Amino acid sequence: TKMVLGSDIFGKYRVEREVLDEQRLEEVTQRKTYADTHPSLTERLKDSLRCTLPKLKRSVMSSLPVLYWLPKYSVWDYGMPDLISGISVGIMHLPQGMAYALLASLPPVFGLYTSLYPALIYIFFGTSRHISIGTFTVLSIMVGSVTERLAPDMDFLKRNGTNITAELDITARDSYRVQVAAATTVLGGLIQVVLGLVKFGFVGTYLSEPLVRAYTTAAAAHAVVAQLKYIFGVSPTRFSGSLSLIVAGTLISSFGHLNSNFTIAVVGEIPSGLSSPSVPDVSLFGEVIGDAFALAIVGYAISISLGKTFALKHGYKVDSNQELVALGLSNTVGGFFQCYSVCPSMSRSLIQETTGGKTQMAGVASALIVLITILKLGPLFQELPKAVLAAIVFVNLKGMFKQYSDIVTLWKSSKIDLMVWLVTWMSTLLFNLDLGLAASITFALLTVIFRTQLPTYSVLGNVPGTELYVDIETHREAREIPGVTIFRSSATVYFANAELYLEALKEKSGLDISKMIIYKRRQEAKQKRRERRAERRAKRQAKREAGSWRDTCLDGDVTDKEEQRWTERENGTVFVIPTTPRTPDGHCRWEYLKGGDPDCTSIGWISELQDGDTTTLGSSSEDTLSHDLERVSLGSLGKWTWDIHSIIIDLSTANFIDTVAIKTMKNIFQDFCEIDVDIYMAACQASVVEQLELGGFFTESITKRRLFASVHDAVIKYCSVSLSFYL
C-alpha cells in the first residue's frame with residue numbers, strides 16, 4: 001500500500017492488489033474452518049467443567065465483586081467522600097422510602113425496610129459503584145397495582161354479626177398487602193437471578209430509551225392519581241431550604257394536633273426495631289407471576305441503564321448478567337424481610353455521584369442512616385401527614401413530567417420512535433402497568449420487524465475515479481456500470497423479507513423473470529413442435545417418393561397449408577427493444593416489433609412502459625395468456641439480447657442468512673441463469689459464508705468463485721470493464 005498525500009486537506013491513497021473472490025480470499029487470509037471457530041458440544045462441556053485455580057478465582061471474583069474492590073479500598077482516599085455521599089443519600093432515603101410506600105399501598109415503615117436490606121445485599125454482589133438501590137416511583141406504582149388488586153378495601157370491611165359495616169379493618173388489610181408485596185418481590189427476584197445465571201442480561205436491551213421514558217411518564221400520571229387522596233387533605237405552607245418542608249410539616253402537624261382535630265391522615269406508629277424474617281406465601285405466586293416478571297424486567301432495565309451511564313462517565317465496566325443476579329438477590333432477600341421490589345433511583349444515584357461517592361461503601365453509610373431512623377428516630381415521623389409524603393412524590397415526579405418534551409424532539413428526529421413513545425404512553429395509561437409494558441414491548445419489536453421487511457432497495461453506481469459505489473438515485477455523480485446492475489438492500493435477508501427482496505431485484509433490474517422464463521419455455525416447446533413437424537414432413541416426403549402422384553399432391557396441399565398457418569402464427573410474435581437508456585427514475589423508451597426478426601417493420605412506440613401495461617396488437621395467439629407473454633417478452637427470448645449481462649448482489653448489510661433466504665438466493669441464480677444473466681455476490685461476512693456452506697448453497701454451478709471480497713472486485717473480474725475506468 002502506498003500513501004500519497006496531496007497538497008490539499010484531503011489525503012489520497014493508491015492500492016494495488018489482485019482481484020479477490022471468496023475462494024482466493026480464504027487462501028490469502030488463511031481463514032479458519034467452521035470446526036476451528038466452533039468447538040463441539042462435548043469440548044465446550046469439558047471446558048466448562050474443567051476447574052483450575054485461575055478459573056476458580058475469576059469465577060469467585062465475578063460472583064462476588066466486593067472481593068475485588070474491598071481489599072484495595074483506601075480509607076484515606078475514599079473514606080470521607082463515601083461517608084459524605086452516604087449521609088446525603090441516607091437522608092433522601094427517609095422521605096422517599098415512606099412516600100413511595102404509599103404508592104405501593106403499604107404502611108410507610110415498609111418503605112424504610114425497603115431502603116435498608118436490599119441496599120446492603122447489593123453492596124456484595126453489584127458491579128456499579130454509583131447507583132443507589134432502594135425504592136423507586138415506577139416499581140412502587142406497579143407493586144401498588146398488585147396489592148390493591150389482590151387485597152381491595154371491600155374485602156376488609158368489618159362485620160357486626162351478619163351485617164357488614166362501613167368501617168375498614170386497616171390492620172388486616174395492610175398485613176395481607178404486605179404478604180402480597182413480599183411474595184411478588186421474591187418471585188420477581190428469583191426470575192432476575194435465573195435470567196442472570198443463564199446469561200440473559202441482554203433482555204434489557206429490548207426496552208429502548210423512548211419506550212422507557214414514555215413508560216415512566218405514564219407511570220407518573222398513575223402516581224399523581226394515587227396521591228390525590230392524600231394531597232387534598234391539607235395545604236402546608238411552603239418553605240425554602242433543604243428538607244424544610246419535611247421538618248416544618250411534621251412540627252405543624254404535631255403541635256397543631258391535625259390528626260385528632262381535623263382527621264388529617266398521618267404516618268402513624270413506626271415500630272422501633274427490625275422485624276424478623278418470614279417466608280413469603282408461595283400460594284400467591286401463581287396469581288402474581290405476570291406482575292413479578294414485569295417488575296423484574298423494568299427494574300433491571302432502569303438499573304442497567306443507570307449503571308452503564310455512570311460506568312461510561314467514570315471509566316469502569318458494568319457486567320449486565322451480574323447486575324441481574326445482584327438485583328435479583330437484593331429483591332429475593334429483601335422479600336423475606338417484608339420489603340417490596342427495588343431498583344436504583346435517578347435522583348439518589350445522582351446525589352451519590354455528585355457528592356463525591358467513589359464506591360458502594362457510600363451505600364453502607366446510607367443504610368446506617370436508615371437503620372438508625374428505624375431503631376431510634378421512628379417516633380419522630382409518626383405525626384408526619386401523608387399529604388406531605390404525597391407532596392414529596394409530586395416533587396420527585398417533576399423530572400418525569402418534563403419528559404413530555406420528548407414528543408417535540410422525536411417528531412424532528414424519528415417518527416417511528418415517536419410512535420413507540422406515544423403507543424407506550426397510551427397503553428400504559430389505558431391498561432395496567434404490566435399489560436401496558438407488554439403491549440409496548442410488542443409494538444416496539446413489531447416496528448423493528450416492519451423496518452426489516454420494508455428496507456431501502458437501491459441500485460449502486462460508481463463514483464468516477466474511485467472504487468466507491470453509492471445509490472444512483474440519491475447521488476448525482478454516481479454512474480451506473482454499463483451492462484451491470486449492482487443491487488443492495490439496507491437490511492439483512494431472512495424469511496420475513498426474502499420474497500420482497502426477490503421482487504425488488506426484479507423491479508430494479510427491469511427484468512420480469514417469471515414471464516420471461518415462461519415465454520422461454522413456450523419458445524422451447526414451439527421449437528420441439530417444429531422439429532416434430534420436420535420429422536413428419538420427412539416421413540411424408542418418403543411416402544411421396546414411394547406412393548402415387550395423387551397421394552403426393554394431396555399431402556403437399558395439406559403440408560403447405562399447415563406450414564402457412566404456423567408461419568402466420570410466428571409472424572404475430574412481438575418483441576420489445578429498449579431504444580433509450582434508463583433514466584434515474586427507472587423508465588426507458590421501448591419499441592415494439594412484430595415477428596421473429598428485430599429488423600421487421602415497427603408497429604409503434606410506447607413511452608415509459610410499466611409492468612402491467614397492455615397494448616392490443618394483431619397476432620394469432622392461442623389465448624390471452626400466450627398473447628400477454630409474447631407481448632412483454634424481451635430480446636434474447638427472440639433473436640437478440642438486452643443491455644444487462646451481470647447482476648452483483650451487495651450483501652455487506654447481511655449479518656446472518658436463514659434457510660429461506662438461502663433458497664431465495666439459489667432461485668435467483670437459477671432463474672437469471674436461464675435468461676443468460678450472470679449473478680455474483682459481494683462483501684459477504686465470514687459468518688454469512690459459513691451459513692451458506694452449511695445450508696448447501698454452493699454447488700458445481702454456484703461456487704465460491706461467484707463471491708467477491710467487494711463490489712469492485714466483482715466489477716473488475718467478470719464485468720468486462722477496464723480498470724482505468726475507475727482508478
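This is a predicted model: local features need pLDDT of at least 70, side-chain atom pairs count only at pLDDT 80 or more; totals for chains, interfaces and linings use all residues.
## Packing of helices α6 and α16

The crossing of α6 past α16 is right-handed.

On the α6 side, the contact is made by Asp 82, Leu 83, Ser 85, Gly 86, Ile 87, Val 89, Gly 90, Ile 91, His 93 and Leu 94. Their partners in α16 are Met 361, Ala 362, Ala 365, Ser 366, Ile 369, Val 370 and Thr 373. Sorted by class, the contact of α6 with α16 holds ten nonpolar residues, six polar residues and one charged residue.

### Annotated spans

The unreviewed UniProt entry annotates "transmembrane region" at residues 100-125, 180-202, 214-232, 244-268, 288-307 and 422-450.

| Span | Distance between end C-alpha atoms | Helix | Strand |
|---|---|---|---|
| Residues 180-202 | 29 Å | 78% helix | 0% strand |
| Residues 422-450 | 18 Å | 93% helix | 0% strand |

### The whole protein

The protein contains 28 helices and 15 strands. Of its 727 residues, 44% are buried. Taking contacts between residues at least 6 apart in sequence, 76% join residues at least 24 apart.

Note on methods: Residues are numbered from 1 along each chain as its sequence is written. Side-chain values use heavy atoms; hydrogens and water are left out. A crossing is left-handed if the near helix is turned anticlockwise from the far one by less than a right angle, and right-handed if clockwise. Helices (H or I, at least four residues) and strands (E, at least two) are DSSP runs, numbered from the N terminus. Contact means heavy atoms within 4.5 Å. Ala, Val, Leu, Ile, Met, Phe, Trp, Tyr, Cys and Pro count as nonpolar, Asp, Glu, Lys and Arg as charged, and the others, Gly among them, as polar. UniProt positions are given in the numbering used here, feature names are shortened, and annotations may be inferred rather than shown by experiment. Buried means under 20% relative accessible area, exposed over 50%, partly exposed in between (1.4 Å probe, protein chains only).
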